[in-house]
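Try each task before reading its solution.

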Amino acid sequence: MVFFAVSFTGVSLSDQVHQTPADMYKNPNETATLRCLHTISSYNRILWYKQSHGGQLQLLGYMVGDSPTPEANVPVIIDGNANANQNCTLTIEKLQQDSNAVYFCAASLHSVIYGCLSAQKPHHHI
């Protein structure tokens, strides 16, 4: 059995970023889908991260508005919308042993003028 863990981490504005489910248990080769929603009206980007047990942080991809951009060679599907009060989903198909990690989303403002401001969920122990 693969333990597929989901947790949250981060700083300011965290009460306006919501990720579900809080944790998940899956078997190998099953599919896992996580949802992220934020309520920050000016933010238009969701970033998805994976943190392995060794602490290594990996960007899985991001979505700006309704345009997904998964990282190269990362087998995930990012779908939905990154604007406020919309659902953005991360789907991982065919889970394997190395899928066992902490996954979290962050909301940010993607703008050439303002750079990147972000909000993430505070750490939640599972």
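Buried means under 20% relative accessible area, exposed means over 50%, and partly exposed covers what lies in between. Keep those cut-offs at hand, and remember that this is a predicted model.

**Exercise 1. Overall make-up**

Task: State how many helices and strands the protein has, and what share of its residues is buried.

Solution: 
- Step 1: Count the elements; there are 0 helices and 11 strands.
- Step 2: Read them from the N terminus on, and the order is β-β-β-β-β-β-β-β-β-β-β.
- Step 3: Turn to burial: of the 126 residues in the protein, 40% are buried.
- Step 4: Look at contacts with a separation of 6 or more; 57% of them join residues 24 or more positions apart.

**Exercise 2. The largest nonpolar core**

Task: Find which residues of the largest nonpolar core touch the most other members, and which element gives the most residues.

Solution: 
- Step 1: The core holds 24 residues, and those touching the most other members are I46, W48, L60, V76, I78, L90 and Y103.
- Step 2: Two or more residues come from each of β4 (32-38), β5 (45-51), β6 (57-64), β8 (76-80), β9 (88-92) and β10 (102-111).
- Step 3: Among the contributors, β10 gives the most, with 4 residues.
- Step 4: Now zoom in on L60. Setting aside neighbours within four places in sequence, L60 is in contact with W48, Y49, K50, P70, E71, V74, V76, I78, L90 and Y103.

**Exercise 3. A histidine in a strand**

Task: Decide whether H38 is buried or exposed, and find the backbone atoms that its side chain meets.

Solution: 
- Step 1: Locate H38 in strand β4.
- Step 2: H38 counts as buried because its relative accessibility is 0%, and the cut-off for buried is under 20%.
- Step 3: Check the polar atoms of the H38 side chain. One lies 2.7 Å from the backbone oxygen of A82, and there is a distance of 3.2 Å from a polar side-chain atom of H38 to the backbone nitrogen of I40.
- Step 4: List the surroundings. Leaving aside neighbours within four places in sequence, H38 is in contact with Q16, V17, Y43, I46, A82, N83, A84, N85 and A107.

**Exercise 4. The largest pocket and D98**

Task: Describe the lining of the largest pocket, then classify D98 by its accessibility.

Solution: 
- Step 1: The volume of the largest pocket is about 250 Å³.
- Step 2: Its lining has 14 residues, and K50, P75, I92, D98 and S99 are the closest to the centre.
- Step 3: Sort the lining by class to get 7 nonpolar, 3 polar and 4 charged residues.
- Step 4: Ask which elements take part: β6 and β8 each supply at least two residues of the lining.
- Step 5: D98 counts as exposed because its relative accessibility is 57%, and exposed means over 50%.
- Step 6: Compare sequence and space: D98 and H53 are 45 residues apart along the chain, with their C-alpha atoms separated by 9.7 Å.

**Exercise 5. A strand residue at the intermediate level**

Task: Work out the accessibility class of I77 and which residues I77 touches.

Solution: 
- Step 1: I77 lies in strand β8.
- Step 2: With a relative accessible area of 40%, I77 is partly exposed.
- Step 3: Not counting residues up to four places away in sequence, I77 touches T89, L90, T91 and E93.
- Step 4: For E93, 16 residues from I77 along the chain, the C-alpha separation is 8.4 Å.

**Exercise 6. Backbone exceptions**

Solution: 
- Step 1: The peptide bond from T20 to P21 is cis, with omega near -10°. P21 sits in the loop between β2 (17-20) and β3.
- Step 2: N29, in the loop between β3 and β4, is not a glycine, yet has a positive phi of about 75°. N29 is exposed, at 52% relative accessible area.
- Step 3: K94, in the loop between β9 and β10, has a positive phi near 50°. K94 also counts as exposed, at 62% relative accessibility.

Notes: Residues numbered from 1 in each chain as written. Predicted model: local features only at pLDDT ≥ 70, side-chain atom pairs only at ≥ 80, totals over all residues. Heavy atoms only, no water. Core = buried A, V, L, I, M, F, W, Y, C linked by side-chain atoms within 4.5 Å. Buried < 20%, exposed > 50% of the residue type's maximum accessible area, 1.4 Å probe, protein only. Contact = heavy atoms within 4.5 Å. 1 Å grid on protein atoms, 1.4 Å probe; cavity = no way out; pocket = protein on both sides within 12 Å on 5 of 7 lines; lining within 4 Å. Points joined across faces, edges and corners; volume = space filled by probe spheres on them. Nonpolar A, V, L, I, M, F, W, Y, C, P; charged D, E, K, R; others polar. Polar contact = N/O pair within 3.5 Å; in protein donor to acceptor, adjacent residues only side chain to side chain.
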